[in-house]
Amino acid sequence: MISREFRILFWVLCVHLAGIYLFTKGFLLNRLALPDRSVDACTSLATHKRAVLLVIDALRFDFIAEHPPEPVSPFHHNILTLPRELTAAHPDRSFIFNAHSDPPTTTLQRLKGITTGSLPTFVDAGENFGGSSIHEDSIIHQLNAAGRKIAFAGDDTWLALFPDAFQPNMTFAFDSFNVEDLHTVDQGVIDNLLPLMRHHKNSWHFAIGHGLGVDHAGHRVGPDHPVLREKLEQMNTLLRDVVAAMDDDTLLIMLGDHGMDKMGNHGGDNILETMSALWIYSKVPLSLPEHTIPEAILPVITFPDTPAPHRHVQQIDLVPTISLLLGLPIPFNNLGTVIPELFNRDPDGSSLRKAMELNAAQIRRYLDAYRSSSSGKELDAAWHDFSLAWDGVHAMDGNDRLIALDNFTRLALSACRVLWAQFNVFLIGAGLAVIGLSIVAGWALFSKLRYVADVEWGKWVDDKVWWSFSASAVGSALGYLAHIVLHKHLDGVAMHQTVLFAAAIASSFVVIATTRPVITLKAIKSLPIFLILHTFSFASNSFTVWEDYIVLFFLISSIVPSVITGFTAPTSRLRYRILGFSALFATCVRLMAMSTVCREEQHPYCTVTFYASESSSAPPLTALLLAFPVAIAVPLVVRRILKISKSDSGLAATFIPLLFAPSLIAGTTFWMLEWVDSAQVLGDMGDTLRVTRTVLARTTAATMLIGGLSVWWTSPACLAISKSQTSEASTQEKTEVTVLGFANAFGSPYLMFWLIFFSIVWLMTQLSGQIVLGLSSIALLSYLEIIDSVRDVHSLNNAFTSPNASLQLVDTDPNHDLLFSEIVPLALLATHMYHSTGHQSTFSSIQWKSAFILGKTLSFPFSHVSIAINTFGSFFLGALAVPLIVLWNLPPLPLSPSRPRPNALRAALAISLYFAVLAFGAAACAAVLRRHLMVWKIFAPRYLGAGFGLWVVDVGVLVGVGVGVGRVREEIGRVFGGVRS
């Protein structure tokens, strides 16, 4: 039977999910893709019958630049040199550009851009693991409509986007998500593309080759590694072979779909991620250098740390350019501008002018069609500027006309970039209302439950569950009726969204009304200052950027009250315990902070220590040296802490040495083998190390989740019970029962439950992160001892000041001792753990290696779950640990009214409240600052992190309180049959 705690926490989860969903749908909108197709082709500007599009994934601009950044890297500069050699020798037929790749810089979104000429939206990044086919007009659709045959070799993402576009006998697709495979896809391109060009050039009109070796090398070892040099040398050789196989009727376009940051990753809007390489080459001249193009339409940009600026284009400019060079219509949704150099072929500039006029007319048709669509009002604010720019085109001649045409197309692009960040204010407000009201409802449950009598709490919770779900049903019906009546006024709001909003609001209102919390001045004064400051920090972009340092300060400061209590403790034992464990806690937290991953905005005031360097994804030397010692030490420390309460018996005596300790060793061994494989310490061993790692990871995960949970469920108690006969003066013998572990009967078995999931997160975390996890586990145990000792101090002080001291010492109710402030350090520790294990609220900090822990290829759901655990495992562990604040050193005393269940529920509600307030603050600040320059770089990612974090915390407390606490209570109740639990 599902416990009542599980049901009420499940309701909290549902309301939070409803609020996050509604806000997200209003804040992160998708762009409307018009289904129209262009039909008018201009063949007079065509120069080639065939084209080869060669995509070298993650080819950053400086990899082919003539003047690379300083200092020059021997691993990725001056290696892929053919483009600059041919450009220097033939400037009329070879062109190098620094192309801007619109974020999110993930492969699928960039392929959409370079085929359709349209812009991605922020939320599109999530599609990179499972994108749907492209239905809007694209250069691929135009090729098919013209009856031209397309050949393909390389990344199979193309087949997901264009499933029926390529010739079956000329399609050679390879798996794109095996990051550890640096060669198969590239070799597949070489083995299939070159024969098509050499021996079957009349059987195709457009050939696509998409290699992944450079990208995979960046992800795997970073850009400053000999492996990347080898891949760039291979690509340079491939380019020479392609150029040699070309004829005069073939156009070559080589590009990187995006760049890579200093670590070799991508996905965000870092300047190194958005600056990609573009090279266009023809064996016949495309441009007349003697004819001057206005500099106003030839923008330049300087790559970071390079001595000279270089010609700069938008990556989507490829779409109209290639279309006209091949005699195809420009795709209908295109917002790119033709590249002028490629149409500068006659003295009077007529070809360039015609190309730009066709381009501008196509964009004007698109804007007219978009304004006539259901989303057309988005353009109202910019339409006056569009009209003025369009009118200016017809009032100009000569070079001024070219400048006016370029101004119009660039205005359309820049305006649409802004306009497609339109927000649905209805849904944003609905989401904030639901999250906000859920916070009030959660606080009402948390505060009121403290005063519910022992015998009434079960019925009280059952009533709240019944009222909440009943109100949800009634609210759903009312929402359905309201939408029917008001749908004309609810622009952009779907039926199910209205129903969801009404259900969540109604149930929250009913919970608040039936709980009837009392707001007092004391309750207001007790509001946790760290939660308030943490929430308000999201209103500042600089505070959000430096959140990891702010959380560290808050976390250390949060134990200051305990330290003060320690100095005033009535006994030396308690004083030494509080001060000693506080020092241990602070030391572990500070050591955790030594592991850092820096945001782009933190440079140059931050140094990466989580990895070997800023340009490497390998572990640092300290992690390699300390990983195994920490893996060995953590189980020993756990047993030593349990030994204080003599709780290292029973299950703990076998679980820790036989299951927990080996699982940590196995998890560390996995990442050691990964480093050996990546660094080729033992040379190229083929798939041997990969197979070994896969078997090791799967065995460890299965052993702990199946074997560990089974053993724990069968007998979770960490008790050693012995009997002995004693003789008294009356010569009567009595049986004396000794129970070791009695003082921590509830806490120790729950700790074993927590350690099972800790071992899984350990497996999914890289070596530096494992050291951090080890320190965090020691910090957690230290904090539990601090809280227990502080409670003892308060109990003794109350007893000494009470007229009935003996009664006061005996009759204590731990259920009434739980304070919200006791939960705050645990919530901050979880957030600190998140940052210290190599994460930030940025796409580029996602550790993609974790997707391949359980297999060498991307596989659903294992890869997705692995990334989720690696990224948000710290929040799950923090939420799962929160019942320990209640259960730790809690004995099953028959005369004590202590009951772990209601207090564990209050602890779960408290930590859920903490992260719900953070999510509300992040969402509200993102909504208020939605027109801020840094909204998509800082505020939106932080909101997404807060939303996912809240969801993970809610799941964690569901598992902890709904499963772990319930089983512990049941087992301890069985062992001590008369104990009220």
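Tutor: Keep in mind that this model is predicted. Let's start with a sulfur link: the one between C598 and C606 is left-handed, with -80° about the S-S bond.

Student: How far apart are the sulfurs of C598 and C606?

Tutor: A disulfide is a pair of cysteine sulfur atoms within 2.5 Å. In the link joining C598 to C606, S to S is 2.0 Å. The count comes to one disulfide.

Student: Are C598 and C606 buried or exposed?

Tutor: Both C598 and C606 are buried. Buried means under 20% relative accessible area. C42 counts as buried because its relative accessibility is 11%, and C588 counts as buried at 3%.

Student: Now the rings. How many aromatic pairs are there?

Tutor: The count is 37 aromatic pairs. Take F670 and W671: their ring centres are 5.2 Å apart and their planes are at 80°, so this pair is edge-to-face. The cut-off for that label is over 60 degrees between planes. F670 is buried, at 1% relative accessibility, and W671 is buried too, at 3%.

Another edge-to-face pair is Y914 with F915, at 5.6 Å centre to centre and 65° between the planes. Y914 and F915 are both buried.

Student: Which residues do ring pairs link into a cluster?

Tutor: That cluster holds W712, W713, Y750, F753, F757 and F876. W713 also has a charge over its ring: the charged end of R967 sits 5.3 Å from the ring centre. Elsewhere, R50 lies over the face of W204, 6.0 Å from the ring centre.

Key: Residues are numbered from 1 along each chain as its sequence is written. This is a predicted model: local features need pLDDT of at least 70, side-chain atom pairs count only at pLDDT 80 or more; totals for chains, interfaces and linings use all residues. Side-chain values use heavy atoms; hydrogens and water are left out. Rings of Phe, Tyr and Trp (its six-membered ring) pair if their centres lie within 6.5 Å; planes under 30 degrees apart count as stacked, over 60 as edge-to-face and the rest as tilted. Buried means under 20% relative accessible area, exposed over 50%, partly exposed in between (1.4 Å probe, protein chains only). A charge sits over a ring if NZ of Lys or CZ of Arg is within 6 Å of the ring centre and within 35 degrees of the ring normal.
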